Amino acid sequence: MTPHIGITPKQLKKSTVLLATILSNEMTLYVKTRKFHWNISGNSFMELHQLFEEQYRILEAHIDEVAERISQLGDKTIGTMKEFIENSTLKESPKEYPSQKQMLKELLENHEQLVTEFRDYIPVFEEENNDAGSADFVTGLLQEHEKMAWVLRRYQI
């Protein structure tokens, strides 16, 4: 059933398409962070193992919240790896197992990319889609990615 919340069906669809991209990126970053958590080694093993676990748990919560937001706007939520890969702007690196330094760099770059993309999406939600709720929601996600990026940035020498 289409919600009657002051947003046209066309605007709702535009919002849910953007949210599907966000969902796909959150899933891609979750899987990557989880992979790094499983494969970290070296001097800072335990510290980074725990950091990556903390971050993938945050991402796991984001995934559920974004999926629920799509549903709240009256659309179906994608849910297969194929769909996530097709809709993600983040790239995977199959069969690659980077060093600690490269893991940190890659995760930092991914979080910063998402922050930048979210900054572009927020005016679309607000101005083009009349969707203040999604704009506010994505602003909250942006802030959490800024914080995770900040933590990762502190490891860069």
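Buried means under 20% relative accessible area, exposed means over 50%, and partly exposed lies in between (1.4 Å probe, protein chains only). This is a predicted model, in which local features need pLDDT of at least 70, side-chain atom pairs count only at pLDDT 80 or more, and totals for chains, interfaces and linings use all residues. Residues are numbered from 1 along each chain as its sequence is written, and side-chain values use heavy atoms, with hydrogens and water left out.

**Fold and annotation**

- UniProt, in an unreviewed entry, places the feature "domain: Ferritin/DPS" at residues 19-154. Its positions follow the numbering used here, feature names are shortened, and annotations may be inferred rather than shown by experiment.
- Over residues 19-154 the chain is 79% helix and 0% strand. The end C-alpha atoms of that stretch are 29 Å apart.
- Helices (H or I, at least four residues) and strands (E, at least two) are DSSP runs, numbered from the N terminus.

**Salt bridges**

- A salt bridge is a side-chain nitrogen of Lys or Arg within 4 Å of a carboxyl oxygen of Asp or Glu. By this rule the count comes to nine salt bridges.
- Glu106 and Lys32 form one of them, at 2.8 Å from N to O. The pair links distant parts of the chain: Glu106 sits in helix α4 (residues 100-128) and Lys32 in helix α1 (residues 9-39), 74 residues apart.
- Both partners are covered. Glu106 is buried, because its relative accessible area is 12%. Lys32 is buried too, at 8%.
- Arg153 and Glu112 also meet in a salt bridge, again with N to O at 2.8 Å. Arg153 lies in helix α5 (residues 132-153) and Glu112 in helix α4, so this pair ties together parts that are 41 residues apart in sequence.
- Arg153 has 37% relative accessibility and therefore counts as partly exposed. Glu112 is partly exposed as well, at 32%.
- Glu146 and Arg119 pair at 2.4 Å, N to O. This bridge links helix α5, which holds Glu146, to helix α4, which holds Arg119, across 27 residues.
- Glu146 is partly exposed at 30% relative accessibility. Arg119 is partly exposed at 46%.

**Negative surface patch**

- Glu60, Asp64, Glu65, Glu68 and Glu144 gather in a patch of negative charge on the surface.
- Patches are made of residues with over 30% relative accessible area and no salt bridge; like charges are joined within 9 Å, and nonpolar side chains (Val, Leu, Ile, Met, Phe, Trp, Tyr) within 5 Å. Lys and Arg count as positive and Asp and Glu as negative, while His and the chain ends are not counted. A charge is placed at NZ of Lys, CZ of Arg, CG of Asp or CD of Glu. Accessible areas come from the Shrake-Rupley method with a 1.4 Å probe, and for residues only the protein chains shown count as cover.
- Helix α2 (residues 45-72) supplies the largest share of the patch, four residues.
- Asp64 lies in helix α2. Asp64 is partly exposed, with a relative accessible area of 43%.

**Positive phi in loops**

- Most residues other than glycine have a negative phi.
- Lys95 has a positive phi, near 60 degrees, and is not a glycine. Lys95 is in the loop between α3 (81-87) and α4. At 77% relative accessibility, Lys95 counts as exposed.
- Asn130 is not a glycine either, and its phi is positive at about 55 degrees. Asn130 is found in the loop between α4 and α5. Its relative accessible area of 44% makes Asn130 partly exposed.
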